[in-house]
Amino acid sequence: MKISKEDIKSHLLSLRPEEQSSLLNELQDLTVFSKKPSYDLSRRELLNNKLGSCPHCGNTKYVKYGIDKGSQRYKCKSCKRNFTEYTGTWLARLQRKDKVDAYVDLMLQEKSLDKIKDELSINKKTAFDWRHKILSSLEETDKGNFTGITESDETFILFSEKGKRNLPRKGKKRGSKAKTKGISIEHVAVIVTADRAGEQELSVATLGRIKKIDIEKSIGKRISDQTILCSDSHVSYKGFAIDNEMEHHAIRADLKQYVKDRVYHVQHVNSLHNKLKKWLNDQFWGVSTKHLQQYLNWFRMKEALKNSSQPAIEFAKKTVLDVHTCKRYKEIVPKFELLISSLD
């Protein structure tokens, strides 16, 4: 029997007020749940408003130059090269753009690659590649200078070859430990830096103990004359501060000093260490060292957007801002090979 809209309306009005309210709330929840996200991931609006730049030479003067397979094409007035709204971003040359919104939504729910593959009917390798292209796009996005008290400290994560086939040794189990005590080249040093204004940096530094040059590579370009460095008493931080003529406060944890002058400490970055490791282990069961930097990019952006009213939309929009993403993605393997060269 067919039920008309008027029948539904009449039945709804016959319910008690509290029943009406409950039913309406349930219907609203179902509507929100069934609504598919639309992120509109392209640089078209940015470029059309003359707020973008040529991905080839960086010049800000360009003109519209027709349509290419549905994508807006532009021509740079400086280098004379053509580009589209996707050139250089993680969406460049992507064949299945119709699945992008659904993919980003599942990724931001931190679904496994197997679940994403089954949900979208795509190859697992495709799901894997898309994830790391997206994460590569965040490496240099939203990075300003550190100002005021800036905490920096390293943490160590066990070297992992997760996902690699034909290992010349027996695979390690989840939660396994290093063969030797203390910090060794079996550990990956991750430098975590954060100021009190919310700027953060998380970077894979080296295998084993860090050196002054590792700190320089991690945060050297982001310090200013307003940066006050606060770290542990590691000699490398002291040398870095001297070289950059920075005010530096070293915390002597070995002498049970955890706070200096009531304001200088590294408790914020130590908290980030714990949150990072818990997230990597609980959500992904650990990640490979080769792709660790990409997950650090993800974690940094999650932290930056944790108070946002629309974190998923903002996250997605930021992934198309970097026009050097394709280059960064191709550098994943060479950077990993450089990192492990110290093992030879």
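S4 and S7 run parallel and are joined by four bridges. Both belong to an open five-strand sheet with mixed pairing, in the order S6-S5-S4-S7-S8. The model is predicted.

**Five-strand sheet**

- Gly148 stands opposite Thr227 of S7, and Glu151 stands opposite Cys230 of S7.
- S7 also pairs with S8, in the parallel sense, over five bridges.
- In that pairing, Asp232 has Ile251 of S8 as its bridge partner.
- S7 is mostly covered: six of its six residues are buried.
- The order of the strands is S6-S5-S4-S7-S8. Strand S6 (200–207) and S8 stand at the edges with a single partner strand each, so one side of each has no neighbour in the sheet.
- From one strand to the next, the twist averages 25°.

- H9 lies across S4, S5 and S6. H9 runs at about 35° to S4.
- Helix H8 (residues 235–243) has Ser236, Tyr237, Gly239, Phe240 and Ala241 buried.
- Those buried residues of H8 pack against S4, S5, helix H7 (212–219), strand S7 (227–232) and strand S8 (247–251).
- Glu245 follows H8 and has a positive phi, near 55°.

- Strand S2 (residues 71–76) pairs with S3 in the antiparallel sense over three bridges.
- Tyr74 has Phe83 in S3 as its bridge partner.

- In soluble globular proteins, nonpolar side chains tend to be buried together.
- What does Trp90 contact, leaving aside its neighbours within four places in sequence? The list is Leu41, Val100, Val104, Lys133, Ile134, Ser137, Thr319, Val320 and Thr325.

**Aromatic pairs**

- Why is the pair of Phe159 and Phe336 stacked? The ring centres are 6.2 Å apart and the planes stand at 15°, so the pair counts as stacked, for which the planes must be under 30 degrees apart.
- Phe159 lies in the loop between strand S4 (148–158) and strand S5 (187–195). Phe336 lies in helix H13 (residues 332–340), so the pair ties together parts that are 177 residues apart in sequence.
- Phe159 and Phe336 are buried.
- Phe284 and Trp298 form a tilted pair, because their ring centres are 5.5 Å apart and their planes stand at 55°.
- Phe284 lies in helix H9 (residues 267–284) and Trp298 in helix H10 (residues 292–304), so this pair ties together parts that are 14 residues apart in sequence.
- Are Phe284 and Trp298 buried or exposed? Phe284 has a relative accessible area of 10% and is buried. Trp298 has 1% relative accessibility and counts as buried.
- Phe284 and Trp298 belong to a cluster linked by ring pairs, together with Trp279, Tyr295 and Phe299.

**Charges over rings**

- The charged end of Lys133 sits over the ring of Tyr329, 5.5 Å from the ring centre.
- Lys133 is also one of the residues in contact with Trp90.
- The charged end of Arg222 sits over the ring of Phe146, 4.4 Å from the ring centre.

Technical notes: Residues numbered from 1 in each chain as written. Predicted model: local features only at pLDDT ≥ 70, side-chain atom pairs only at ≥ 80, totals over all residues. Heavy atoms only, no water. Phe/Tyr/Trp six-rings, centres within 6.5 Å; stacked < 30°, edge-to-face > 60°. Helix = DSSP H or I, 4+ residues; strand = E, 2+ residues; numbered from the N terminus. Buried < 20%, exposed > 50% of the residue type's maximum accessible area, 1.4 Å probe, protein only. Lys NZ or Arg CZ within 6 Å of the ring centre and 35° of its normal. Contact = heavy atoms within 4.5 Å. Pairing = 2+ DSSP bridges. Axes fitted to C-alpha atoms, helices over the stretch in contact; angles between N-to-C directions.
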